[in-house]
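User: Please take a close look at the open space in this model and at the packing around it. I would like one connected account, with the criteria stated where they are used.

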Amino acid sequence: MAAKIMTWLDERLGLTGIYNTVLDRKVPKVNWWYTLGSATLVLFLLQAATGIFLTVYYVPSPDHAYESIQYIMNGVAFGWLIRGIHHWGATLMVITVVLHMLRTFYMAAYKYPRELTWMTGVVLLLATLGMGFTGYLLPWNQKAYWATTVGTKIAGSAPFLGTFVERVLRGGSDLSAVTLARFFSAHIWFIPAVILLVLGIHLYMVIRIGISSVPHEDD
Ligand code: HEM
């Protein structure tokens, strides 16, 4: 019965074709360093899933943000677990994405014909760091408030556009409800949208061109 349903779906959706292209494609003999891109991908999906659950109880306003997090930690069933995974997942994702970048750089995987994979990767790196920066403010505790005060001040110290960027990030001269609203919407809508789009191109390139093999001295 299950086989019949699968054949029926396969005829219409071309599942075998998708499976062969995405999961059963030929890859060169590689090593563990080549798993870091997939590890980052798994962490990204985990962050998306736990983040969606967190938005059920999190309230992005200065009056309620802190309490809503306390409620997630102490009142919601498994809230501490979901938040814990989201917190540590974020740290791990930054580590894996940086290691993934170092591996592709060290093994010269950015060279022809993978320049676009590298360029989309640069956007993904910046977006991942942006997710960390915007997410850090959301608990609206002392650490979050002052870290963002310092972070936005650093942006403000850049020549020419610095002051403008600082004002745009803060939504005024100081951190306020506007800053929290901006960081929240950047964290759950704008940056994830960029990541989804650019990640789609990144992975399309990986599948279309295939991954590089371990470079040798005479390459
Ligand atoms: C959200 C972040 C990212 C995800 C989910 C991701 C995912 C992946 C995956 C699954 C692969 C194939 C397996 C592998 O080689 O590890 C890959 C390959 C690649 N990635 Fe990323 N990546 C990300 C960020 C980056 C960054 C920051 C860079 C560099 C600036 C980068 C550059 C590359 C390159 C050049 C390849 C081709 C590697 C090869 O052919 O050997 N990626 N990526």
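Analyst: Helices are DSSP runs (H or I, at least four residues) and strands are runs of E (at least two), numbered from the N terminus. The model is predicted, so local features need pLDDT of at least 70 and side-chain atom pairs pLDDT 80 or more, while totals for chains, interfaces and linings use all residues. Residues are numbered from 1 along each chain as its sequence is written, and side-chain values use heavy atoms, without hydrogens or water.

The largest pocket holds about 1100 Å³ of space (an open set of 1 Å grid points, over the protein atoms alone, where a 1.4 Å probe fits, with protein on both sides within 12 Å along at least five of seven lines; lining residues have an atom within 4 Å of a point). Its lining comprises 36 residues, and those closest to the centre are Q47, H86, G135, L138 and H187. Six helices each contribute at least two lining residues: α3 (36-57), α4 (65-74), α5 (79-106), α6 (115-137), α7 (142-156) and α9 (177-209). By class, this lining contains 22 nonpolar, twelve polar and two charged residues (Asp, Glu, Lys and Arg are charged; Ala, Val, Leu, Ile, Met, Phe, Trp, Tyr, Cys and Pro nonpolar; the others, Gly among them, polar).

The second largest pocket has a volume of about 940 Å³. It is lined by 41 residues, with G37, S38, H100, H202 and V206 nearest its centre. Here α3, α5, α6 and α9 each supply at least two lining residues. Helix α9 gives the largest share of this lining, with eight residues. The division by class is 25 nonpolar, 13 polar and three charged.

The packing can be followed from L138, one of the residues closest to the centre of the largest pocket. L138 also belongs to the largest nonpolar core, whose twelve residues are L54, Y58, A65, I69, I72, L137, L138, W140, L175, L180, F183 and F184 (buried Ala, Val, Leu, Ile, Met, Phe, Trp, Tyr and Cys joined through side-chain atoms within 4.5 Å). Helices α4 and α9 each provide at least two residues of this core. A second, separate core has eleven residues, among them F44, M131, I195 and L199.

W140 counts as buried at 17% relative accessibility (buried is under 20% relative accessible area, exposed over 50%, partly exposed in between, with a 1.4 Å probe and protein chains only). Its phi is near 50°, a positive value in a residue other than glycine.

Another member of the largest core, L175, touches T149, which also touches R170, not counting residues up to four places away in sequence. T149 is found in helix α7 and is buried, with a relative accessible area of 17%.

In the loop between α4 and α5 lies F78, whose phi is near 60°, a positive value in a residue other than glycine. At 55% relative accessibility, F78 counts as exposed. The loop between α5 and α6 contains P113, which a cis peptide bond joins to Y112, with omega about 5°.

Definitions and conventions
Grid points are joined across faces, edges and corners, and a volume is the space filled by probe spheres set on the points. Contact means heavy atoms within 4.5 Å.
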